[in-house]
Amino acid sequence: MTEEPPLEGPLARVLKDPVTEASLARVWRHVERRRGRAPELRMAVRWLLAGVLLAFSVTAAAYGLWPSALRPIPDLPSPPTPPPPKHSGKVVGHGSARNEPPALELQDTPTPSSVTPEPAAPAPATSLPRATRVAEPSWREEAAQGHHAEAYALLGSSGLEREVGRAASSEDLFTLADVARLSGHPERARAPLARLLELYPHDARAPLAAATLGRIELDLGQPNRAARAFERALGLGAPIALEEDLRARLVESWVRAGDLDAARAAGVLYRKRFPDGRRKAEVDRWLSSPSPSPIRH
Amino acid sequence: MRPTALGSLLIPAVAGHQDAASTPPRIDAAGPDRDLVRRARGGDRWAEEALYRRHARAVARTVSRLLARSVEAEDVVQDAFIFALTHLEDLRDPDLFGRWVLQVAVRLVHRRFRQRSFLRLLGLDRGADDVTLAAQADPRAGPEIHARIAELDRALTRLPARCRVAWVLRYVEGSGIDEVAAASSCSRATAKRLIARADRELRACVALDEREDSDD
């Protein structure tokens, strides 16, 4: 095998030295100080730290602070437990995506998707011939049927963040983002998308998640964040069908952010990749008169 | 096969910056380290500090670029020098103090990577990468260079730790194969394999850029 000559750090030529004299001096002070300590003291400090870590772990376990990866599969939000019915019939249980639906002996009709949840309404105290309470739909069911506003309402004010923490798959996170976005709360779609990118960067949905995040940021007037999201989507290997749009939006984001150098560089890449692209005229227009005016989507 | 590594893809584009940006100093294992080590073994604090002053910057720079977190890098440099100065008797060739302390530091970097993986598994890894390659990029370099370095950053984070360390040492720090092998505590052949694997995977991630280069 022929050995290549040392490259003398070609990358290092465009990289600043991250080390400062101040940090070196600070490290040396610590080195001197720690070397001056007796070994017994160092061991005592280590045991103390180990004890603190153990106590923290026990406390975290006791209070359920462990992260979602180690938690059991979360239960879906359940409505308040109704008082037991007076009659002898069975009450229909809640529908669940993970649990088998309970027996529906006393239910007249299948669970309607449009039933308005009434968790506060108590069950009738008088004896009824049949149980009339129906299972409440979960936010997942509503989202699956395209009822994003209803799904958002079922999640409640803090439910979305809670579900983001509990989500066990990229699909769950994407669904949560859709619920927030399509119910008119795009700012709350950031968290599930960012979480998806953090936990599942190699997932097939990751480029789309980054692209969606970029669009949201652009809509919310955060072009710098949008540009970073679009760059990330491209870096994650967005499909060719998405790439042209992403590159055009990247130019748009940089123009709106006022970073004309970055916009021009992105424009060069766009023209190189798509010399006859559908959005070439728009890109040319942005770059020729780069005024950060609102741009049509 | 292209004669140069992925890192050198940036060279033509940054030719204009080469005069302004100086090549960072490398660890020089030769020289009078032997005398300093001998005096440090005898308890000479001045010699210890001289050894630190001579090698700390290179070690800190390498560790920072490997860990991408300044606070963790400082801790690792601190631990590496404490270990090295405390175990000077174990150093067989005093002329190679610099290489040895870098080897200790790289071992500690690997330990940090393992700790990070564990903390990430528990959801407790709250640290943010503040010394990424993109963050260190010379502001005079164009946005295209910044974008490429950012892409390289992302691709590096997906590599296995050993491959990442070997590649960064070789193509970011400009170390020779022998230095990479010594720092990674492996044979030359293993070091070459690690670098080649990293290079292959990075090329796959930045294939678009290469294709564009070849078009020019």
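This talk goes through a few helices and helix pairs in chains A and B of a predicted model.

Some conventions to begin. Residues are numbered from 1 along each chain as its sequence is written, and chains are lettered from A in the order in which they are written. Because the model is predicted, local features need pLDDT of at least 70 and side-chain atom pairs count only at pLDDT 80 or more, while totals for chains, interfaces and linings use all residues.

Chain A, then. It has twelve helices and zero strands, where helices are DSSP runs of H or I with at least four residues, strands are runs of E with at least two, and both are numbered from the N terminus. Of its 297 residues, 31% count as buried; buried is 20 or more other C-beta atoms within 10 Å of a residue's own, exposed is 12 or fewer, and partly exposed is in between, with C-beta atoms placed from the backbone. Two residues are in contact if their C-beta atoms, placed from the backbone, lie within 7 Å. Among chain A contacts between residues at least 6 apart in sequence, 55% join residues at least 24 apart.

Now a pair in chain A. The axes of α10(A), residues 240-257, and α12(A), residues 280-288, come within 10 Å and cross at roughly 20 degrees. Axes are lines fitted to C-alpha atoms, for helices over the stretch in contact, and angles run from 0 to 180 degrees between N-to-C directions. The two helices are therefore roughly parallel; that label covers angles under 35 degrees, with over 145 roughly antiparallel, 65 to 115 roughly perpendicular and the rest oblique. On the α10(A) side, the contact uses A248(A), V251(A), E252(A) and V255(A), and on the α12(A) side E282(A), V283(A), W286(A) and L287(A).

Over to chain B. Which way do α2(B) and α7(B) lie to each other? Their axes come within 10 Å and cross at roughly 130 degrees, so the pair is oblique. T62(B), R65(B) and L66(B) of α2(B) meet V165(B), V168(B), L169(B) and V172(B) of α7(B).

Next, α6(B), residues 143-157. Its 15 residues should span 21 Å at 1.5 Å a residue, and the end C-alpha atoms are 21 Å apart, which agrees; the expected span is 1.5 Å times one less than the number of residues. Its buried residues are H146(B), A147(B), R148(B), I149(B), E151(B), L152(B) and L156(B).

Last, A196(B), in helix α9 of chain B. It has 16 C-beta neighbours inside 10 Å, so it counts as partly exposed. A196(B) and A166(B) are 30 residues apart in sequence, with 9.4 Å between their C-alpha atoms.
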